[in-house]
Amino acid sequence: MAMEKVDAKEREKIEAVRKTLRKQAPLTAKQAMYCNDACVERFLRARGESVKKAAKHLRTVLSWRDTIGADHIIADEFSAELADGVAYVAGHDDEARPVVVFRIKQDYPKFHSQKSFVRLLVFTLEVAVSCMSRFVDQFVLLFDASFFRSASAFLNLLMGTLKIVADYYPGRLHRAFVIDPPSLFSVLWKGVRPFVELAPATAVVCSLDFEDSLEDASFTAYPRTASLRFEPAAALLATGTKGIGVGSASSRFSVTVSHDNTLKPWYLSTTTPSSVGPRSVVPTSSPSLIGASPLSARSFSFASPAARSTTTPPVHRGAPLTPFSTKGGQKAPAPAQQFPRTPRPSFLQSPSMLFAFKKDGQASRGERERESFLPFLRFYRRPYDEISYRAKMRPPLGGLIAIVDEKSKQHKTVQPPLRRHAGLHHQQLFQLHHHQRI
């Protein structure tokens with residue numbers, strides 16, 4: 001009984017919004033088809049169940065769609081973008097939501113106007129909406145920012161896209177992921193995040209964090225799935241005459257640390273696969289670098305003395321090292337070796353620790369964002385296929401080919417069979433008539 005009352009109230013609000021729209025201006029056939037129950041309900045939720053605000057917002061969207069020509073955009077206008085895979089629908093997730101991938105290069109705005117980009121965005125979103133099932137009304141956006149070198153340029157593109165989605169597609173966005181942005185993007189995003197309406201649904205992730213989560217090993221054959229960073233270093237302890245060595249798993253670089261040269265305690269040199277094996281060992285005389293990777297060697301060299309200190313017992317010169325002995329001549333076992341613990345940074349070393357109120361067992365925002373992106377990783381790494389994307393376009397979005405093909409299927413006529421001797425019969429009649437005249 002309560003559900004019936006709720007449905008009746010929602011129905012009254014939906015009809016009130018439509019009535020308000022008809023009072024302002026009559027609706028065309030396409031506008032009336034666009035303002036269905038699900039559409040009006042999304043606008044009501046976006047405007048806090050206010051009938052006046054929802055009607056005003058919906059009228060603004062209808063005017064914008066008429067101005068941009070959203071009902072008349074077809075695929076023939078974006079043949080180059082479709083061939084390059086600039087923006088496309090990669091598939092559907094486990095909840096049947098369409099996943100839209102944007103692989104826009106930094107030079108794209110230089111050769112295309114703002115209006116053409118907006119039309120491409122609207123076309124892609126309309127394709128995503130058209131391929132939704134009956135009980136699905138949201139989509140997922142994946143922004144591949146690896147083609148951008150300027151953080152500000154990508155931020156302008158991202159904010160413009162989110163602004164269009166928030167204003168003219170309310171309630172449609174489920175999640176948006178920014179993948180591999182430029183280095184300074186995180187700093188700029190923190191500054192503008194409070195002013196972006198869809199910022200709570202937007203996450204920033206790095207594809208290098210998901211190298212070990214490939215579902216199919218064939219993905220590594222594609223150049224975009226190959227990583228260019230260091231492989232995890234394996235620390236190999238080996239005793240020798242010169243000390244202890246630290247090994248690196250990378251076959252392209254080698255790090256050498258030396259305390260003999262105080263001006264240049266460490267240096268990075270390139271190696272060739274023929275000279276250095278996959279598990280080459282680089283000798284070092286620094287005990288503080290035991291178990292450290294080449295990526296952290298520089299941070300160890302500039303660390304505080306407390307962080308570089310070890311529990312190595314002092315060496316007595318002039319007498320060899322012997323185990324501890326007692327008065328009875330019995331030798332006591334040597335104490336177990338204790339590895340140094342990394343001290344927690346104090347407030348003077350890291351002032352940000354004062355504002356870190358992370359509870360035990362509670363994941364941080366970055367960890368939650370990475371976990372939420374994991375189901376959509378396969379769409380990001382999947383290669384682009386233009387044929388499969390065009391198959392998702394329903395007429396008239398598919399272009400003139402799709403429209404003609406659809407009409408030919410609906411109006412299929414049977415042509416009458418051709419007569420074999422029709423031409424010969426007419427020729428004989430012409431010759432007969434000519435002879436009669438002579």
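User: Hi! What order do the strands take in the open sheet?
Analyst: Hello! In this predicted model, the order is β1-β2-β3-β4-β5, an open sheet of five strands with mixed pairing.

User: Nice. Which strands stand at the edges?
Analyst: Those are β1 (87-92) and β5 (202-205). Each has a single partner strand, so one side of each is left without a neighbour in the sheet.

User: And what does the twist average from one strand to the next?
Analyst: The twist averages 20°.

User: In which sense do β2 and β3 pair?
Analyst: Strand β2 (residues 98-102) runs parallel to β3 (residues 139-144), and the pairing extends over four bridges. As a landmark, look for valine 99, which stands opposite valine 140 in β3.

User: Switching to helices: which strands does α7 touch?
Analyst: Helix α7 (residues 114-130) packs on the sheet and touches β1, β2 and β3. The direction of α7 makes about 15° with that of β1.

User: OK, and how do the axes of α7 and α8 cross?
Analyst: They cross at roughly 50° and come within 11 Å, with α8 covering residues 151-168. Angles from 65 to 115 degrees would count as roughly perpendicular and those under 35 as roughly parallel, so α7 and α8 are oblique to each other.

User: Left-handed or right-handed?
Analyst: The crossing of α7 and α8 is right-handed.

User: Which residues meet there?
Analyst: From α7 you have Phe117, Val118, Leu121 and Leu125, and they meet Leu157, Thr161, Ile164 and Val165 of α8.

User: How many nonpolar, polar and charged residues is that?
Analyst: The contact of α7 with α8 has seven nonpolar residues, one polar and no charged ones.

Methods: Residues are numbered from 1 along each chain as its sequence is written. This is a predicted model: local features need pLDDT of at least 70, side-chain atom pairs count only at pLDDT 80 or more; totals for chains, interfaces and linings use all residues. Side-chain values use heavy atoms; hydrogens and water are left out. Two strands pair if DSSP finds at least two bridges between them. Helices (H or I, at least four residues) and strands (E, at least two) are DSSP runs, numbered from the N terminus. Axes are lines fitted to C-alpha atoms, for helices over the stretch in contact, and angles run from 0 to 180 degrees between N-to-C directions. Contact means heavy atoms within 4.5 Å. Angles under 35 degrees count as roughly parallel, over 145 as roughly antiparallel, 65 to 115 as roughly perpendicular and the rest as oblique. A crossing is left-handed if the near helix is turned anticlockwise from the far one by less than a right angle, and right-handed if clockwise. Ala, Val, Leu, Ile, Met, Phe, Trp, Tyr, Cys and Pro count as nonpolar, Asp, Glu, Lys and Arg as charged, and the others, Gly among them, as polar.
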